[in-house]
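Me: I have a protein model open and would like to go through it piece by piece. Can we start with a strand pairing?

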Amino acid sequence: MTSIRDYGGEFALIGAISGILGKPKDRKVIAGIGDDAAVIALDKKRDMLVTVDMLVEGDHFRREWSTPRQIGRKAMEVNVSDIAAMGGLPKYALVSISLPDDTTAEFVMELYRGMKDAARKHRFDVIGGNTTHGSRLVIDVIIIGEVEKNRLRLRSDAKAGDLICVTGTLGKSTAGLETLKAGVKGNVREHLEPRCRLHEAREISKYANAMIDVSDGLSSEVGHICEMSDVGAEVFREKIPISMNTRSLAKNLGKDPVEFALHGGEDFELVFTIPERRLKRIRTRCQITVVGRITKKRHGITLAWGKVKLPLGGGYDHFRLRRTS
Ligand SMILES: [Mg+2]
């Protein structure tokens, strides 16, 4: 028997699972396993988006670090981020929750208040779910969304010559997490209260070719776009946007913040590719940074640093429980 840790990583396992499940029979399914959300044809103008994401206590949050309201908000933001990455809007959510013996009713109420905060902010409804007892606190959220057909953005549409851009700054969540783990002082709010880029995604989806959200680090997300689009990429290390706070947290830990940006997780920013001529139109509406360029596949996926070019390593792997670079 092979341990899931030794199987070849999270994405090898997903590949094997999708081999067992096979291609969807229903011709309405436009995209199944392999993008940020599944896409199903809804009517002539719109597609339906469906995504699911789970938070597990100890892995994705700790009750000693986060308030229940923060955990509730995070559970929703990480899911809305996947809808945003497709260019769409969230409409409905379903929440399954497993509660251990030591959970208080007050904790559960606050958790759902946090989910409601996010639902109100992003204008969707929580319409059902399931509660059960379990040995660990687990929150599993499904979000159903919609996207106009001409705004649907897949991972598979990057073209050689496109610029690679990111919203906001990267590495902030991992900098916060490492600070909490080390038990040192610092502003860790961006780890505890991640915010997805739904508003920006709606603007970007008008102009971008491919789009993905940053859940496992920039190198992993660029890798997914390249694999699905059959292209290569060059990322410029010095262009990666990192905030002053992330730099100062990393400095306190004696770590390189660029490593957090490349291989850390949970920033929930967007990575997208866009022809250079369309860049100006987005620049006036969102804060974005050009971090690289899509190349032909034969050039591989590289990280450029001055005159040095190295292969760009992987991101966070949930099964190997370590960085994969
Ligand atoms: Mg995603």
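Me: Which residue in E6 does serine 96 stand opposite?
Reply: Serine 96 stands opposite aspartate 140 in E6. This is a predicted model, where local features need pLDDT of at least 70, side-chain atom pairs count only at pLDDT 80 or more, and totals for chains, interfaces and linings use all residues. Residues are numbered from 1 along each chain as its sequence is written.

Me: How many bridges join E4 to E6?
Reply: Nine bridges join strand E4 (residues 89–99) to strand E6 (residues 138–148), and the two run antiparallel. Two strands pair if DSSP finds at least two bridges between them. Helices (H or I, at least four residues) and strands (E, at least two) are DSSP runs, numbered from the N terminus.

Me: What order do the strands of that sheet come in?
Reply: The order is E1-E2-E3-E6-E4-E5, six strands in an open sheet with mixed pairing. Strand E1 (29–31) and strand E5 (125–133) are the edge strands, each pairing on one side only. On average, neighbouring strands are turned by 20° against each other, direction ignored.

Me: Which strands does H2 touch?
Reply: H2 packs on the sheet and touches strand E3 (46–56), E4 and E6. The direction of H2 makes about 145° with that of E3. Helix H3 (residues 105–122) also packs on the sheet, touching E4 and E5, and its direction makes about 170° with that of E4. Axes are lines fitted to C-alpha atoms, for helices over the stretch in contact, and angles run from 0 to 180 degrees between N-to-C directions.

Me: Domains next. Where are they?
Reply: Domain 1 covers 34–150 and domain 2 covers 153–323; such bounds come from an automatic or database domain assignment. Their centres, taken over C-alpha atoms, are separated by 23 Å.

Me: How many residues of domain 1 are in contact with domain 2?
Reply: 18 residues of domain 1 are in contact with 19 residues of domain 2 (contact: C-beta atoms, placed from the backbone, within 7 Å). On the domain 1 side, helix H2 (residues 68–85) gives the largest share, ten residues.

Me: What about glutamate 266, buried or exposed?
Reply: Glutamate 266 is buried, with 22 other C-beta atoms within 10 Å. Its phi is near 65°, a positive value in a residue other than glycine. Glutamate 266 sits in the loop between helix H9 (257–263) and strand E10 (270–274).

Me: What is the bridge partner of aspartate 213 in E10?
Reply: Leucine 270 is the bridge partner of aspartate 213. E8 and E10 pair in the antiparallel sense over four bridges.

Me: Which residues of E8 lie on each side?
Reply: In strand E8 (residues 210–213), Ala210 and Ile212 are on one side, and Met211 and Asp213 on the other. All of them are buried, and both faces are covered.

Technical notes
Contact = placed C-beta atoms within 7 Å. Buried ≥ 20, exposed ≤ 12 C-beta atoms within 10 Å, placed from the backbone.
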